[in-house]
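Reader: Could we go through this model together? I would like to ask about individual residues, the strands and helices, and the ligand.

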Amino acid sequence: MSGHLMGVYNRAPLAFERGEGARLYGTNGQVYLDCVGGIATDALGHCNPVLVKALTEQANKLWHISNIYQIPGQEELADKLVANSFADVVFFTNSGTEAVECALKTCRKFHSANGADPAKIDIIGFDGSFHGRTYAAVNAAGNPSYTDGFGPRLPGYSQCKFGDMEMLESMMGPNTAGIIIEPVQGEGGARAVSDADLRKMRELCDKWGALLIFDEVQSGMGRTGKLWAHEWSGVTPDIMAIAKALGGGFPIGACLATSEAAKGMIVGAHGSTFGGNPLAMAVGIASFNEINSKKILDNVNEIAGYLNQQLTGLKDRFPDVIVDIRGKGLLVGVKLIPNNREFMAIAREHNLLVAGGGDNLVRLLPPLNLTLDEAREAIQKFEQACETARAKAAA
Ligand SMILES: *Cc1c(COP(=O)(O)O)cnc(C)c1O
(Lines give C-alpha, C1' and ligand atoms only; values in the text may rest on other atoms or scores of the structure.)
Protein backbone atom coordinates (compact mmCIF):
# COMPACT_ATOMS: atom_id res chain seq x y z
CA MET A 1 0.00 0.00 0.00
CA SER A 2 1.33 3.42 -0.94
CA GLY A 3 0.04 5.22 2.13
CA HIS A 4 -1.09 8.11 -0.05
CA LEU A 5 -4.81 7.51 0.39
CA MET A 6 -6.78 9.44 2.99
CA GLY A 7 -7.16 7.10 5.89
CA VAL A 8 -10.95 7.19 6.03
CA TYR A 9 -11.47 3.48 5.38
CA ASN A 10 -10.68 0.43 7.47
CA ARG A 11 -9.98 -1.81 4.48
CA ALA A 12 -9.83 -5.58 4.52
CA PRO A 13 -6.39 -6.85 3.41
CA LEU A 14 -7.77 -8.11 0.14
CA ALA A 15 -7.84 -7.02 -3.50
CA PHE A 16 -9.54 -8.58 -6.50
CA GLU A 17 -8.59 -8.88 -10.11
CA ARG A 18 -11.83 -10.08 -11.61
CA GLY A 19 -15.46 -10.78 -10.90
CA GLU A 20 -18.12 -12.93 -12.51
CA GLY A 21 -21.67 -13.16 -11.19
CA ALA A 22 -21.48 -13.73 -7.44
CA ARG A 23 -17.79 -14.76 -7.62
CA LEU A 24 -14.80 -12.57 -6.92
CA TYR A 25 -11.28 -13.69 -7.81
CA GLY A 26 -8.72 -12.35 -5.33
CA THR A 27 -5.18 -11.35 -6.23
CA ASN A 28 -4.24 -13.96 -3.59
CA GLY A 29 -5.54 -16.74 -5.86
CA GLN A 30 -8.62 -17.36 -3.70
CA VAL A 31 -12.18 -17.40 -5.07
CA TYR A 32 -14.86 -15.77 -2.93
CA LEU A 33 -18.65 -15.91 -2.83
CA ASP A 34 -19.61 -12.26 -2.80
CA CYS A 35 -22.51 -11.39 -0.48
CA VAL A 36 -21.45 -7.75 -0.30
CA GLY A 37 -22.06 -6.90 -3.93
CA GLY A 38 -20.26 -3.57 -3.70
CA ILE A 39 -22.69 -2.78 -0.84
CA ALA A 40 -25.99 -3.68 -2.51
CA THR A 41 -24.82 -2.20 -5.78
CA ASP A 42 -23.74 -5.00 -8.13
CA ALA A 43 -27.34 -6.22 -8.16
CA LEU A 44 -26.94 -8.32 -11.29
CA GLY A 45 -23.59 -9.79 -10.33
CA HIS A 46 -20.14 -8.81 -11.52
CA CYS A 47 -19.61 -8.20 -15.22
CA ASN A 48 -23.17 -9.07 -16.15
CA PRO A 49 -23.00 -9.53 -19.95
CA VAL A 50 -26.09 -7.37 -20.58
CA LEU A 51 -24.54 -4.47 -18.68
CA VAL A 52 -21.09 -4.98 -20.20
CA LYS A 53 -22.68 -4.83 -23.64
CA ALA A 54 -24.64 -1.66 -22.85
CA LEU A 55 -21.53 -0.03 -21.38
CA THR A 56 -19.13 -0.93 -24.18
CA GLU A 57 -21.56 -0.06 -26.96
CA GLN A 58 -22.17 3.35 -25.46
CA ALA A 59 -18.47 3.82 -24.69
CA ASN A 60 -17.78 3.56 -28.40
CA LYS A 61 -20.36 6.25 -29.18
CA LEU A 62 -20.44 9.02 -26.57
CA TRP A 63 -19.51 9.25 -22.88
CA HIS A 64 -20.22 12.66 -21.58
CA ILE A 65 -21.60 15.91 -22.92
CA SER A 66 -23.37 18.20 -20.48
CA ASN A 67 -26.81 18.96 -19.20
CA ILE A 68 -26.78 22.09 -21.36
CA TYR A 69 -27.85 19.65 -24.14
CA GLN A 70 -30.63 17.14 -24.37
CA ILE A 71 -29.71 13.64 -23.30
CA PRO A 72 -32.20 11.14 -24.74
CA GLY A 73 -31.01 8.39 -22.36
CA GLN A 74 -32.09 10.52 -19.38
CA GLU A 75 -35.55 10.92 -20.82
CA GLU A 76 -35.79 7.20 -21.49
CA LEU A 77 -34.70 6.19 -17.98
CA ALA A 78 -36.85 8.88 -16.36
CA ASP A 79 -39.87 7.58 -18.33
CA LYS A 80 -39.22 4.11 -16.97
CA LEU A 81 -38.75 5.28 -13.38
CA VAL A 82 -41.89 7.40 -13.52
CA ALA A 83 -43.96 4.63 -15.15
CA ASN A 84 -42.98 2.35 -12.26
CA SER A 85 -43.31 4.67 -9.28
CA PHE A 86 -45.29 7.45 -7.59
CA ALA A 87 -43.09 10.07 -9.24
CA ASP A 88 -43.56 12.51 -12.12
CA VAL A 89 -40.05 13.90 -12.47
CA VAL A 90 -36.45 12.76 -11.99
CA PHE A 91 -33.06 14.38 -11.44
CA PHE A 92 -30.01 12.21 -12.14
CA THR A 93 -26.92 12.21 -9.92
CA ASN A 94 -23.71 10.20 -9.60
CA SER A 95 -24.25 8.82 -6.11
CA GLY A 96 -26.70 8.17 -3.33
CA THR A 97 -25.69 11.09 -1.18
CA GLU A 98 -26.19 13.46 -4.11
CA ALA A 99 -29.65 11.99 -4.64
CA VAL A 100 -30.40 12.63 -0.95
CA GLU A 101 -28.99 16.15 -1.23
CA CYS A 102 -31.32 16.82 -4.14
CA ALA A 103 -34.25 15.35 -2.16
CA LEU A 104 -33.58 17.63 0.83
CA LYS A 105 -33.18 20.70 -1.38
CA THR A 106 -36.34 19.83 -3.34
CA CYS A 107 -38.21 19.61 -0.05
CA ARG A 108 -37.10 22.97 1.30
CA LYS A 109 -37.52 24.65 -2.07
CA PHE A 110 -41.09 23.37 -2.29
CA HIS A 111 -42.08 25.32 0.81
CA SER A 112 -40.21 28.41 -0.33
CA ALA A 113 -41.94 28.23 -3.72
CA ASN A 114 -45.26 27.99 -1.86
CA GLY A 115 -44.46 31.22 -0.05
CA ALA A 116 -44.35 29.41 3.29
CA ASP A 117 -42.95 31.02 6.43
CA PRO A 118 -39.13 31.04 5.99
CA ALA A 119 -38.93 29.09 9.25
CA LYS A 120 -40.53 26.07 7.57
CA ILE A 121 -37.23 24.29 6.97
CA ASP A 122 -37.18 21.56 9.62
CA ILE A 123 -36.38 18.09 8.41
CA ILE A 124 -36.82 15.19 10.79
CA GLY A 125 -34.68 12.08 10.43
CA PHE A 126 -34.28 8.99 12.61
CA ASP A 127 -31.54 7.57 14.76
CA GLY A 128 -29.60 4.72 13.19
CA SER A 129 -30.23 6.00 9.70
CA PHE A 130 -27.66 6.62 6.99
CA HIS A 131 -28.16 9.06 4.14
CA GLY A 132 -24.63 9.51 2.80
CA ARG A 133 -21.76 11.89 3.49
CA THR A 134 -22.57 15.38 2.24
CA TYR A 135 -23.11 17.99 4.96
CA ALA A 136 -26.88 17.84 4.53
CA ALA A 137 -26.91 14.04 4.49
CA VAL A 138 -24.85 13.64 7.67
CA ASN A 139 -26.98 16.27 9.39
CA ALA A 140 -30.19 14.55 8.31
CA ALA A 141 -29.00 11.24 9.76
CA GLY A 142 -27.39 12.85 12.80
CA ASN A 143 -24.93 10.04 13.53
CA PRO A 144 -22.28 11.75 15.73
CA SER A 145 -19.45 9.69 14.21
CA TYR A 146 -20.19 11.38 10.89
CA THR A 147 -20.95 14.92 12.14
CA ASP A 148 -18.34 15.43 14.89
CA GLY A 149 -15.51 17.78 14.05
CA PHE A 150 -17.17 19.20 10.97
CA GLY A 151 -18.28 22.45 12.57
CA PRO A 152 -21.71 23.38 13.85
CA ARG A 153 -24.64 21.14 13.00
CA LEU A 154 -26.73 22.55 10.16
CA PRO A 155 -29.88 24.25 11.37
CA GLY A 156 -33.21 22.59 10.74
CA TYR A 157 -32.22 18.95 11.16
CA SER A 158 -33.27 16.78 14.07
CA GLN A 159 -33.72 13.09 14.75
CA CYS A 160 -36.55 11.11 16.21
CA LYS A 161 -36.06 7.80 17.97
CA PHE A 162 -36.59 4.95 15.51
CA GLY A 163 -40.07 3.49 15.94
CA ASP A 164 -41.26 6.14 18.42
CA MET A 165 -44.33 7.59 16.74
CA GLU A 166 -45.38 9.52 19.84
CA MET A 167 -42.07 11.34 19.84
CA LEU A 168 -42.45 12.00 16.12
CA GLU A 169 -45.90 13.46 16.66
CA SER A 170 -44.54 15.76 19.38
CA MET A 171 -41.64 16.89 17.16
CA MET A 172 -43.84 17.88 14.24
CA GLY A 173 -45.39 21.29 13.80
CA PRO A 174 -45.98 24.12 11.35
CA ASN A 175 -42.22 24.50 10.74
CA THR A 176 -41.76 20.89 9.74
CA ALA A 177 -40.70 20.81 6.09
CA GLY A 178 -40.34 17.07 5.77
CA ILE A 179 -39.50 13.67 7.18
CA ILE A 180 -36.68 11.58 5.74
CA ILE A 181 -36.50 7.85 6.36
CA GLU A 182 -35.15 4.63 4.85
CA PRO A 183 -38.13 2.22 4.65
CA VAL A 184 -35.56 -0.45 5.50
CA GLN A 185 -32.46 0.87 7.23
CA GLY A 186 -29.25 -0.33 5.61
CA GLU A 187 -25.94 0.68 7.24
CA GLY A 188 -27.58 1.49 10.56
CA GLY A 189 -28.79 -2.01 11.35
CA ALA A 190 -31.01 -3.53 8.64
CA ARG A 191 -34.16 -2.52 10.51
CA ALA A 192 -37.40 -2.52 8.52
CA VAL A 193 -39.84 0.26 9.39
CA SER A 194 -43.30 -1.13 10.14
CA ASP A 195 -46.10 -0.44 7.68
CA ALA A 196 -48.07 1.19 10.48
CA ASP A 197 -45.23 3.63 11.19
CA LEU A 198 -44.90 4.54 7.51
CA ARG A 199 -48.66 5.17 7.40
CA LYS A 200 -48.40 7.33 10.50
CA MET A 201 -45.60 9.37 8.90
CA ARG A 202 -47.69 9.92 5.78
CA GLU A 203 -50.59 11.04 7.94
CA LEU A 204 -48.45 13.44 9.99
CA CYS A 205 -46.85 14.92 6.87
CA ASP A 206 -50.28 15.52 5.35
CA LYS A 207 -51.51 17.08 8.58
CA TRP A 208 -48.62 19.59 8.76
CA GLY A 209 -48.16 20.23 5.03
CA ALA A 210 -44.77 18.51 5.16
CA LEU A 211 -43.22 16.25 2.54
CA LEU A 212 -42.38 12.60 3.04
CA ILE A 213 -38.94 11.65 1.71
CA PHE A 214 -37.94 8.02 1.34
CA ASP A 215 -34.27 7.20 1.08
CA GLU A 216 -34.37 4.00 -0.97
CA VAL A 217 -30.75 4.24 -2.04
CA GLN A 218 -30.15 0.78 -0.58
CA SER A 219 -33.66 -0.69 -0.18
CA GLY A 220 -34.86 0.26 -3.67
CA MET A 221 -34.34 -1.35 -7.08
CA GLY A 222 -35.65 -4.78 -6.19
CA ARG A 223 -33.57 -5.37 -3.06
CA THR A 224 -36.59 -6.27 -0.89
CA GLY A 225 -38.46 -8.28 -3.55
CA LYS A 226 -40.53 -5.38 -4.83
CA LEU A 227 -39.08 -2.65 -7.03
CA TRP A 228 -39.37 -0.19 -4.10
CA ALA A 229 -39.39 -1.28 -0.46
CA HIS A 230 -42.21 1.15 0.34
CA GLU A 231 -44.54 -0.77 -1.98
CA TRP A 232 -44.92 -3.41 0.74
CA SER A 233 -46.66 -0.79 2.89
CA GLY A 234 -48.84 0.88 0.27
CA VAL A 235 -47.53 4.27 1.47
CA THR A 236 -46.08 6.57 -1.16
CA PRO A 237 -43.61 9.40 -0.56
CA ASP A 238 -43.46 12.83 -2.20
CA ILE A 239 -39.74 12.52 -2.91
CA MET A 240 -37.42 9.53 -3.12
CA ALA A 241 -33.65 9.13 -3.40
CA ILE A 242 -32.30 6.05 -5.16
CA ALA A 243 -28.85 4.95 -6.33
CA LYS A 244 -26.85 1.83 -5.47
CA ALA A 245 -28.38 -0.92 -7.64
CA LEU A 246 -29.73 1.52 -10.22
CA GLY A 247 -26.49 1.32 -12.20
CA GLY A 248 -25.72 -2.32 -11.36
CA GLY A 249 -22.27 -1.16 -10.21
CA PHE A 250 -21.94 1.95 -12.37
CA PRO A 251 -22.23 5.18 -10.37
CA ILE A 252 -25.76 6.52 -10.88
CA GLY A 253 -28.26 8.05 -8.50
CA ALA A 254 -31.60 9.72 -8.94
CA CYS A 255 -34.00 11.92 -7.05
CA LEU A 256 -37.64 11.20 -7.91
CA ALA A 257 -40.51 13.49 -6.99
CA THR A 258 -44.11 14.29 -7.75
CA SER A 259 -44.40 17.37 -9.94
CA GLU A 260 -46.08 19.14 -7.02
CA ALA A 261 -43.18 18.39 -4.65
CA ALA A 262 -40.67 19.45 -7.33
CA LYS A 263 -42.43 22.73 -8.08
CA GLY A 264 -39.51 24.77 -6.69
CA MET A 265 -36.90 23.01 -8.80
CA ILE A 266 -36.95 25.47 -11.66
CA VAL A 267 -34.18 26.45 -14.08
CA GLY A 268 -31.00 27.17 -12.13
CA ALA A 269 -32.21 25.73 -8.83
CA HIS A 270 -29.95 22.68 -9.01
CA GLY A 271 -27.50 20.97 -11.33
CA SER A 272 -24.68 18.51 -11.88
CA THR A 273 -21.84 18.32 -14.37
CA PHE A 274 -21.62 14.55 -14.60
CA GLY A 275 -25.12 13.57 -13.46
CA GLY A 276 -27.08 11.63 -16.07
CA ASN A 277 -24.34 11.43 -18.69
CA PRO A 278 -24.92 9.18 -21.70
CA LEU A 279 -22.62 6.42 -20.42
CA ALA A 280 -24.40 6.25 -17.06
CA MET A 281 -27.81 6.31 -18.71
CA ALA A 282 -26.99 3.47 -21.11
CA VAL A 283 -26.02 1.24 -18.19
CA GLY A 284 -28.90 2.49 -16.02
CA ILE A 285 -31.49 1.64 -18.68
CA ALA A 286 -30.07 -1.86 -19.15
CA SER A 287 -29.87 -2.42 -15.40
CA PHE A 288 -33.40 -1.11 -14.79
CA ASN A 289 -34.87 -3.32 -17.53
CA GLU A 290 -33.23 -6.41 -16.03
CA ILE A 291 -34.13 -5.70 -12.41
CA ASN A 292 -37.69 -4.56 -13.06
CA SER A 293 -38.78 -8.04 -14.13
CA LYS A 294 -40.93 -10.72 -12.57
CA LYS A 295 -38.02 -13.13 -12.92
CA ILE A 296 -35.65 -11.10 -10.75
CA LEU A 297 -38.23 -10.02 -8.18
CA ASP A 298 -39.53 -13.59 -7.83
CA ASN A 299 -35.95 -14.77 -7.39
CA VAL A 300 -35.33 -12.20 -4.66
CA ASN A 301 -38.39 -13.40 -2.75
CA GLU A 302 -37.47 -17.07 -3.16
CA ILE A 303 -33.80 -16.70 -2.20
CA ALA A 304 -34.65 -14.32 0.64
CA GLY A 305 -37.12 -16.85 2.04
CA TYR A 306 -34.49 -19.57 1.89
CA LEU A 307 -31.76 -17.45 3.51
CA ASN A 308 -34.10 -16.28 6.25
CA GLN A 309 -35.21 -19.80 7.09
CA GLN A 310 -31.66 -21.17 7.08
CA LEU A 311 -30.20 -18.28 9.07
CA THR A 312 -32.97 -18.67 11.64
CA GLY A 313 -31.92 -22.31 11.91
CA LEU A 314 -28.29 -21.24 12.44
CA LYS A 315 -29.41 -18.77 15.09
CA ASP A 316 -31.05 -21.63 17.01
CA ARG A 317 -27.91 -23.75 16.71
CA PHE A 318 -25.46 -20.94 17.45
CA PRO A 319 -27.13 -18.78 20.11
CA ASP A 320 -23.61 -17.90 21.29
CA VAL A 321 -22.87 -16.32 17.87
CA ILE A 322 -26.16 -15.07 16.36
CA VAL A 323 -28.64 -12.91 18.25
CA ASP A 324 -31.10 -11.78 15.60
CA ILE A 325 -31.98 -11.99 11.90
CA ARG A 326 -33.32 -8.74 10.44
CA GLY A 327 -33.97 -6.82 7.28
CA LYS A 328 -36.16 -7.47 4.30
CA GLY A 329 -35.64 -9.42 1.10
CA LEU A 330 -31.98 -9.64 0.15
CA LEU A 331 -31.08 -6.88 2.58
CA VAL A 332 -30.30 -9.37 5.31
CA GLY A 333 -28.90 -8.35 8.69
CA VAL A 334 -27.45 -10.82 11.17
CA LYS A 335 -26.83 -9.38 14.63
CA LEU A 336 -23.89 -11.08 16.29
CA ILE A 337 -22.37 -11.64 19.71
CA PRO A 338 -18.74 -11.75 18.48
CA ASN A 339 -17.39 -8.50 17.07
CA ASN A 340 -18.77 -8.08 13.54
CA ARG A 341 -15.42 -7.02 12.05
CA GLU A 342 -13.76 -10.12 13.47
CA PHE A 343 -16.60 -12.24 12.12
CA MET A 344 -16.18 -10.69 8.66
CA ALA A 345 -12.51 -11.73 8.74
CA ILE A 346 -13.50 -15.26 9.80
CA ALA A 347 -16.03 -15.41 6.96
CA ARG A 348 -13.28 -14.36 4.55
CA GLU A 349 -11.18 -17.30 5.77
CA HIS A 350 -14.10 -19.44 4.58
CA ASN A 351 -14.19 -17.57 1.24
CA LEU A 352 -17.42 -15.75 2.03
CA LEU A 353 -17.66 -11.96 1.80
CA VAL A 354 -20.23 -10.23 4.01
CA ALA A 355 -20.67 -6.54 4.80
CA GLY A 356 -20.69 -4.92 8.23
CA GLY A 357 -23.44 -2.78 9.68
CA GLY A 358 -24.38 -0.74 12.73
CA ASP A 359 -25.48 -2.49 15.93
CA ASN A 360 -22.80 -5.21 15.50
CA LEU A 361 -24.38 -6.60 12.38
CA VAL A 362 -23.11 -8.37 9.34
CA ARG A 363 -25.20 -7.85 6.23
CA LEU A 364 -25.73 -10.17 3.29
CA LEU A 365 -26.41 -8.10 0.19
CA PRO A 366 -25.93 -10.63 -2.59
CA PRO A 367 -26.80 -10.04 -6.23
CA LEU A 368 -30.55 -10.22 -6.87
CA ASN A 369 -29.96 -13.06 -9.35
CA LEU A 370 -28.18 -15.26 -6.79
CA THR A 371 -29.04 -18.89 -7.53
CA LEU A 372 -30.38 -21.34 -4.96
CA ASP A 373 -27.12 -23.31 -5.22
CA GLU A 374 -25.12 -20.19 -4.46
CA ALA A 375 -27.46 -19.40 -1.57
CA ARG A 376 -26.88 -22.93 -0.19
CA GLU A 377 -23.15 -22.38 -0.48
CA ALA A 378 -23.45 -19.03 1.31
CA ILE A 379 -25.26 -20.75 4.19
CA GLN A 380 -22.66 -23.54 4.35
CA LYS A 381 -19.86 -21.00 4.52
CA PHE A 382 -21.76 -18.91 7.08
CA GLU A 383 -22.23 -22.02 9.20
CA GLN A 384 -18.49 -22.78 9.01
CA ALA A 385 -17.79 -19.19 10.04
CA CYS A 386 -20.13 -19.62 13.04
CA GLU A 387 -18.23 -22.77 14.02
CA THR A 388 -14.88 -21.00 13.77
CA ALA A 389 -16.22 -18.02 15.74
CA ARG A 390 -17.47 -20.39 18.45
CA ALA A 391 -14.11 -22.19 18.60
CA LYS A 392 -12.25 -18.88 18.82
CA ALA A 393 -14.46 -17.68 21.67
CA ALA A 394 -13.83 -20.96 23.55
CA ALA A 395 -10.06 -20.82 23.03
C1 LIG B 1 -25.25 4.10 0.50
C2 LIG B 1 -26.36 4.96 0.96
C3 LIG B 1 -26.36 6.35 0.75
C4 LIG B 1 -25.17 7.08 0.16
O5 LIG B 1 -24.88 6.67 -1.12
P6 LIG B 1 -23.43 7.02 -1.75
O7 LIG B 1 -23.53 6.52 -3.15
O8 LIG B 1 -22.40 6.33 -0.91
O9 LIG B 1 -23.28 8.48 -1.68
C10 LIG B 1 -27.46 7.07 1.13
N11 LIG B 1 -28.52 6.47 1.69
C12 LIG B 1 -28.57 5.14 1.92
C13 LIG B 1 -29.79 4.53 2.51
C14 LIG B 1 -27.49 4.33 1.57
O15 LIG B 1 -27.52 3.03 1.82
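**Discussion of the model**

Reader: Is Thr176 buried or exposed?
Author: Thr176 counts as buried, because its relative accessibility is 3%. Buried means under 20% relative accessible area, exposed means over 50%, and partly exposed lies in between, with a 1.4 Å probe and protein chains only.

Reader: Before we go on, what kind of model is this?
Author: This is a predicted model, in which local features need pLDDT of at least 70 and side-chain atom pairs count only at pLDDT 80 or more, while totals for chains, interfaces and linings use all residues. Residues are numbered from 1 along each chain as its sequence is written, and side-chain values use heavy atoms, with hydrogens and water left out.

Reader: Which strand holds Thr176?
Author: Thr176 belongs to strand 7, residues 176-181. Helices (H or I, at least four residues) and strands (E, at least two) are DSSP runs, numbered from the N terminus.

Reader: And what does Thr176 touch?
Author: Apart from residues up to four places away in sequence, Thr176 touches Lys120, Asp122, Ile124, Met171, Trp208 and Ala210. Contact here means heavy atoms within 4.5 Å. The side chain of Thr176 also reaches the backbone nitrogen of Gly173, at 2.9 Å. A polar contact is a pair of N or O atoms within 3.5 Å; within protein, one must be able to donate a hydrogen and the other to accept it, and residues adjacent in sequence count only if both atoms are side-chain atoms.

Reader: Turning to the ligand, which residues are around it?
Author: Ser95, Gly96, Thr97, Phe130, His131, Gly132, Glu182, Asp215, Val217, Gln218 and Lys244 are around the ligand, where a residue counts if one of its heavy atoms lies within 4 Å.

Reader: Where does Gln218 come in?
Author: A polar side-chain atom of Gln218 is 2.8 Å from an oxygen atom of the ligand. From the backbone, an N or O atom of Gly96 is 2.8 Å from a ligand oxygen atom, and an N or O atom of Phe130 is 3.3 Å from a ligand nitrogen atom. On its own the ligand has 380 Å² of accessible area, and the protein covers 82% of that. Accessible areas come from the Shrake-Rupley method with a 1.4 Å probe; for residues, only the protein chains shown count as cover.

Reader: Gly96 brings helix 4 to mind. How many residues has helix 4?
Author: Helix 4 (residues 96-113) has 18 residues, and its span of 25 Å from first to last C-alpha is close to the expected 26 Å at 1.5 Å a residue. The expected span is 1.5 Å times one less than the number of residues. Among the buried residues of helix 4 are Gly96, Thr97, Phe110 and His111. Just after helix 4, Gly115 takes a positive phi of about 75°.

Reader: What about helix 12, which of its residues are buried?
Author: They include Glu374, Glu377, Lys381, Phe382 and Cys386.

Reader: Phe382, then. What is Val334 in contact with?
Author: Leaving aside neighbours within four places in sequence, Val334 is in contact with Phe382, and its other contacts include Leu311, Ile322, Val362 and Leu364. Val334 lies in strand 12, residues 331-336, and counts as buried because its relative accessibility is 0%.

Reader: On to strand 3: why is strand 3 largely enclosed?
Author: Strand 3 (residues 31-35) has four of its five residues buried, so the rest of the structure largely encloses it. Strand 2 (residues 23-26) runs antiparallel to strand 3, joined by three bridges; two strands pair if DSSP finds at least two bridges between them. Tyr25 stands opposite Val31. Four residues separate the two strands in their hairpin, and Gly29 in the turn has a positive phi of about 85°.

Reader: In which sense do strand 3 and strand 13 pair, parallel or antiparallel?
Author: They pair in the parallel sense over three bridges. Leu33 stands opposite Leu352, and Cys35 stands opposite Val354. In strand 13, six of the six residues are buried.

Reader: And strand 14, how many bridges join it to strand 13?
Author: Three bridges, in the antiparallel sense, with Val362 as the bridge partner of Gly356. Their hairpin has three residues between the strands, and Asp359 takes a positive phi near 65° there.
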